[in-house]
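Here is a short briefing to read alongside the sequence and the coordinates. Keep the viewer open and follow along topic by topic.

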Amino acid sequence: MAELLRTYARLAWTWSRAAAQYPVSLVLLGVATAAVTSLDIAAIGLMFLRTPRIAGFSVAEVMFLYGTSGLSFILSDILMGGAERLDEHVRKGTLDALLVRPVSPLLQLATEDFSPRRFGKLVPTTLVFALALAHVPVRWTAPRIAMVPVMVLTGLVIFAAFWVLTTALQFVLVESRGATKSVTYGGAFLTQYPLSVFSRDIVRGLTFMVPLAFVNWEPSLYVLDKPDPLGLPGAFRFAGPVVAVVLCALAGPAWKSGLRHYRSTGS
Amino acid sequence: MTYAWVALYSIRRHAAYPTSAIAEAVTNTVFGIVHASILIALWKARPGLGGYDTTDAITFTFLAQALIAPIQVFGGLELTERIRTGDVAIDLHRPVDLQSWWLADDLGRAGCHLLLRSTLPMAVAVVMFPIRWTGPTALGLALVSLLLAVLVSFGFRYVVALCMFWLHDDRGLAAIALVTSMFFSGMILPLVVFPGWLGAIAQVLPWAGTMQIPIDVYLGKATGIGLLTAYGRQVGWAVALFLLGRGLTVLAGRRLVINGG
């Protein structure tokens, strides 16, 4: 595990140095990435100019959801998001070059084109999250405080597992990336909002089928002390880490079996 | 006639990978469902916001998702890459007008995307949500507005692509273009939700002509004088951006130096 992290860090550092060869471009892109990320929070702000509450949640509470979802997703994207470009490698035949190197191909994919500009996205999200923490109407007790870092970490692992699962699917369906974006990017977008905006069937699907509800919705119900619209048992609010572990247990074999089924074009 | 062939070949090229296009349409559909659910909650809190009812708002979000591909919110023009690599020199050698060539190519692409990328989100919307239906006249008027929307969008993307002759790295500008196109078209949030002066400014910017205006024409929010204003804004921006693109094409032609020629 330590060896894995060291390799990851070394590859990420190498790519970062490559990106730093064009410093102006790097800074501009960092700012631009931050601006694109800020559009979602701008939309949330504009909506709350028109109404004090959406689906029973105040602006500070939605900002709390936005912050936790954003931190989890952006960190998972920085660490694993590069993997989704597997389809390009399969199509161009460049995956073979990755396979002959003595480092896990998943690690190579994840670090490929790693750039410090990706951290640009964290700036607006962190600011919004800090603002939310200051204004959210919560009586902060020790367990509630502890829940915040736990949910960010849980969300990070859940999203990372989805990156690996959707990437593994590309071994079988090379053209699936366009559709699986709805789980990763779509998941990042929908977890910014209270799931109470959705119909009950959709929330059930997000709890039991594609368990994005455990990224931040269930734990937030505990932190913000809100009733569950589905009336699920209280234990669900603390089930996030279990869900994250189960997803990882699925993602690992999925990736390995995908890799085993890979047949190079041979040309 | 040449341009008709360019458009036709563009259609064939973009139809070459239908599964890929439909996979993208799945994501547009999911985002449509999420956006619609959020707007239903907003309109429940504020009925009649911006002159829309809930059905209008739902219809708006799915039409917006269906329009993402035809008006190419993400992705600009392939011309950008050709300028960067220098392949544009070949384009300039052809006995055709550069701008018209790429316009024909883009119209073909838009037509193809309208079939492959827009059908699925609309079909799912009809099954899952109440949708505003419109008569044949309003539909015809909306299709005219949609054509104008593609022209405005092309005019803008062509100008952005030509900046490549001076910038050499397009990614910063591409990101700014993306932010403005996403936010001021109405894709992120219908422009009718924008408050006061921000809404007023957004409505007269070119990007409103790519999404907000054609959808308003479809929903029947622009009739009589309003319809003329809507068309007028789209035609005005399409012409202005087209002329700007012409000017830049002339300047770029003078600037281009082909090494080794």
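**Briefing on the two chains**

With 261 residues, chain B would have a radius of gyration near 18 Å if it were a compact globule, and its value of 19 Å agrees with that. Please keep in mind that this is a predicted model.

**Chain B overall**

- Chain B is built from 12 helices and has zero strands.
- The C-alpha trace of chain B spans about 65 × 40 × 35 Å along its principal axes.
- Buried residues account for 46% of the 261 residues in chain B.
- If you take the contacts in chain B between residues at least 6 apart in sequence, 82% of them join residues at least 24 apart.

**Helix H6 of chain B**

- Helix H6 of chain B covers residues 98-128, which is 31 residues.
- From its first C-alpha to its last, H6(B) reaches 44 Å, close to the 45 Å expected at 1.5 Å a residue.
- Look for a kink of about 40° at B:Ser118 in H6(B); it lies shortly before the proline B:Pro121.
- B:Val126 is also found in helix H6 of chain B.
- B:Val126 counts as exposed because it has 12 C-beta neighbours inside 10 Å, and 12 or fewer is the cut-off for that class.
- B:Val126 and B:Thr59 are 67 residues apart along the chain, and their C-alpha atoms are separated by 9.2 Å.

**Chain A overall**

- Chain A has 12 helices and two strands.
- Its elements run α-α-β-β-α-α-α-α-α-α-α-α-α-α from the N terminus on.
- For 267 residues, a compact globule would have a radius of gyration near 18 Å; the 19 Å of chain A agrees.
- Taken along the principal axes, the box filled by the C-alpha atoms of chain A is roughly 60 × 45 × 35 Å.
- In chain A, 42% of the 267 residues are buried.
- Among chain A contacts between residues at least 6 apart in sequence, 82% join residues at least 24 apart.

**Where the chains meet**

- On the chain A side, 30 residues are in contact with 31 residues of chain B.
- Helix H2 (23-50), strand S1 (53-54) and helix H9 (177-190) of chain A each supply at least two residues of the side that touches chain B.
- H2(A) gives the largest share of that side of chain A, with 13 residues.
- By residue type, the side of chain A that touches chain B divides into 19 nonpolar, six polar and five charged residues.

**The nonpolar core**

- The largest nonpolar core has 133 residues.
- The residues with the most contacts inside this core are A:Val62, A:Ile158, A:Ala161 and A:Val164.
- Helix H8 (residues 142-172) of chain A contributes the largest share of the core, 15 residues.
- Leaving aside residues up to four places away in sequence, A:Ile158 touches A:Phe214, A:Val215, A:Val243, A:Ala244 and A:Leu247.

**Helix H1 of chain A**

- Helix H1 of chain A takes in residues 2-19, 18 residues in all.
- H1(A) reaches 26 Å from its first C-alpha to its last, close to the 26 Å expected at 1.5 Å a residue.
- H1(A) is hardly covered, as one of its 18 residues is buried.

- Most residues other than glycine have a negative phi.
- A:Ala55 has a positive phi, near 50°.
- A:Ala55 lies in the loop between S1 and strand S2 (57-58) of chain A.
- With 19 C-beta neighbours inside 10 Å, A:Ala55 counts as partly exposed.
- A:Asp225 also has a positive phi, near 55°.
- The loop that holds A:Asp225 lies between helix H11 (217-223) and helix H12 (240-260) of chain A.
- A:Asp225 counts as exposed, because it has 11 C-beta neighbours inside 10 Å.

Conventions:
Residues are numbered from 1 along each chain as its sequence is written. Chains are lettered from A and ligands numbered from 1 in the order in which they are written. This is a predicted model: local features need pLDDT of at least 70, side-chain atom pairs count only at pLDDT 80 or more; totals for chains, interfaces and linings use all residues. Helices (H or I, at least four residues) and strands (E, at least two) are DSSP runs, numbered from the N terminus. The radius of gyration is taken over C-alpha atoms; the globule rule is 2.2 Å times the number of residues to the power 0.38. A residue is buried if 20 or more other C-beta atoms lie within 10 Å of its own, exposed if 12 or fewer, and partly exposed in between; C-beta atoms are placed from the backbone. Two residues are in contact if their C-beta atoms, placed from the backbone, lie within 7 Å. Ala, Val, Leu, Ile, Met, Phe, Trp, Tyr, Cys and Pro count as nonpolar, Asp, Glu, Lys and Arg as charged, and the others, Gly among them, as polar. A nonpolar core is a set of buried Ala, Val, Leu, Ile, Met, Phe, Trp, Tyr and Cys residues joined through C-beta atoms within 7 Å. The expected span of a helix is 1.5 Å times one less than its number of residues. The bend at a residue is the angle between axes fitted to the seven residues ending there and the seven starting there.
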